[in-house]
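Please look at the sequence and the fold side by side, and follow the strands one after another as the paragraphs below lead you from one to the next.

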Amino acid sequence: MRKRYNDLNTYFRSLFDCRVQKITVDAGLTCPNRDGTFSTGGCIYCNARGSGTGAFDRGLSVTDQLLQGKDFLSRRYKARKFIAYFQSFSNTYAPPDTLKRLYEEALNVENIVGLAIGTRPDCINEPVLDLLQRYTPDYLIWLEYGLQSANDKTLKFINRGHDVQCFKDTIQKTVNRGIKICVHVILGLPHETKSDMLHTAQTVAALGVDGIKLHLLYVVKGTPLEKYYRRGMFKCLEQDEYVDLICDFIERIPSDIIIQRLTGDPHPQELVAPQWALKKSETLAKIRSTLEKRNSWQGCKK
Ligand code: SF4
């Protein structure tokens with residue numbers, strides 16, 4: 001059966017000829033949108049863990065986390081190679097020497113074939129880009145930048161602390177270095193219309209990025225968004241609504257962009273709403289069957 005979108009596992013297999021899994025790393029870094037440099041509140045949907053695992057606070061080094069991850073993922077998926085995914089907070093937000101030590105600690109672990117580094121578009125500079133570029137002849141290097149929405153009014157509302165132009169400027173600084181670029185987008189942000197979200201799809205399509213992660217907005221305990229939600233100020237997307245939007249989005253992005261994620265992974269104990277966000281396999285199956293029913297595929301409406 002024809003693949004209707006360009007998925008991450010197929011991409012990894014084409015490069016390494018085996019199953020490759022990402023291992024999440026918490027390097028103990030922070031974020032300028034939380035430490036007071038830009039703001040202390042953070043993005044309205046972010047809790048104090050900053051999407052992290054808390055592994056650093058439990059005393060686990062980068063190497064410890066990678067060894068544990070390798071052990072688990074090689075048994076579960078028979079993975080043979082691994083990408084160290086620096087996920088928690090902003091992973092380019094430290095002096096270049098500190099980052100070099102952390103990245104190289106990861107790259108020195110056996111069968112780590114690359115890095116994926118999650119960060120903000122206003123949190124990168126030439127020395128860090130130069131450092132990452134130096135790894136590219138030997139390793140697969142992905143920089144994952146959060147955009148979330150290509151609408152400035154939404155970015156302001158969610159307290160991102162940067163605008164769309166900042167994101168575009170950062171992409172320009174990153175291209176042509178051998179570093180792969182992944183953009184993060186959230187669907188269902190407060191007060192966004194379908195037309196706003198499709199505008200984000202069109203903007204992403206024109207950026208020349210290599211990958212995308214699409215996330216559902218879900219409400220997590222202890223966030224400003226939780227208060228907003230409990231006051232009845234916005235509603236979460238229904239599952240079928242999300243599936244339709246995801247398919248609309250996939251149809252509008254170039255067929256060579258690697259789709260690394262199609263929904264989020266909320267922590268069950270921290271999730272406030274929507275509860276269907278916990279049904280990841282069901283949501284992915286619905287996305288595949290909707291594309292089948294529409295007889296559409298990635299890029300068909302670009
Ligand atoms: S940039 Fe990331 S870590 Fe920082 S406040 Fe926003 S979501 Fe949280």
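Two strands are said to pair if DSSP finds at least two bridges between them. With that in mind, in this predicted model the phenylalanine at position 86 has isoleucine 117 in β3 as its bridge partner, and on β2 this phenylalanine 86 also stands opposite valine 25.

These residues belong to an open sheet of seven strands, which are arranged in the order β1-β2-β3-β4-β5-β6-β8 with parallel pairing. Because β1 (20-25) and β8 (258-261) each have a single partner strand and stand at the edges, one side of each is left without a neighbour in the sheet. From one strand to the next, the twist averages 25°.

Going through the sheet from β1, we find that this strand pairs with β2 (residues 81-86) in the parallel sense over six bridges, while β2 is joined to β3 by five bridges, again running parallel. The chain segments β2, helix α3 (residues 96-107) and β3 make a right-handed β-α-β unit. From β3 the chain then crosses through helix α4 (residues 126-135) to β4, in a β-α-β crossover that is right-handed. Between β3 and β4 (residues 140-148), which run parallel, there are six bridges, and leucine 115 stands opposite isoleucine 141 in β4.

Helix α2 (residues 62-77) lies across β1, β2 and β3 (112-119), and runs at about 145° to β1.

Finally, turn to the ligand, which has around it residues including Cys31, Asn33, Tyr45 and Arg160; by class, this shell has five nonpolar, two polar and three charged residues.

Conventions. Residues numbered from 1 in each chain as written. Predicted model: local features only at pLDDT ≥ 70, side-chain atom pairs only at ≥ 80, totals over all residues. Heavy atoms only, no water. Near = heavy atom within 4 Å. Nonpolar A, V, L, I, M, F, W, Y, C, P; charged D, E, K, R; others polar. Helix = DSSP H or I, 4+ residues; strand = E, 2+ residues; numbered from the N terminus. Axes fitted to C-alpha atoms, helices over the stretch in contact; angles between N-to-C directions. Contact = heavy atoms within 4.5 Å. Right-handed = clockwise from strand over helix to strand, strands pointing away.
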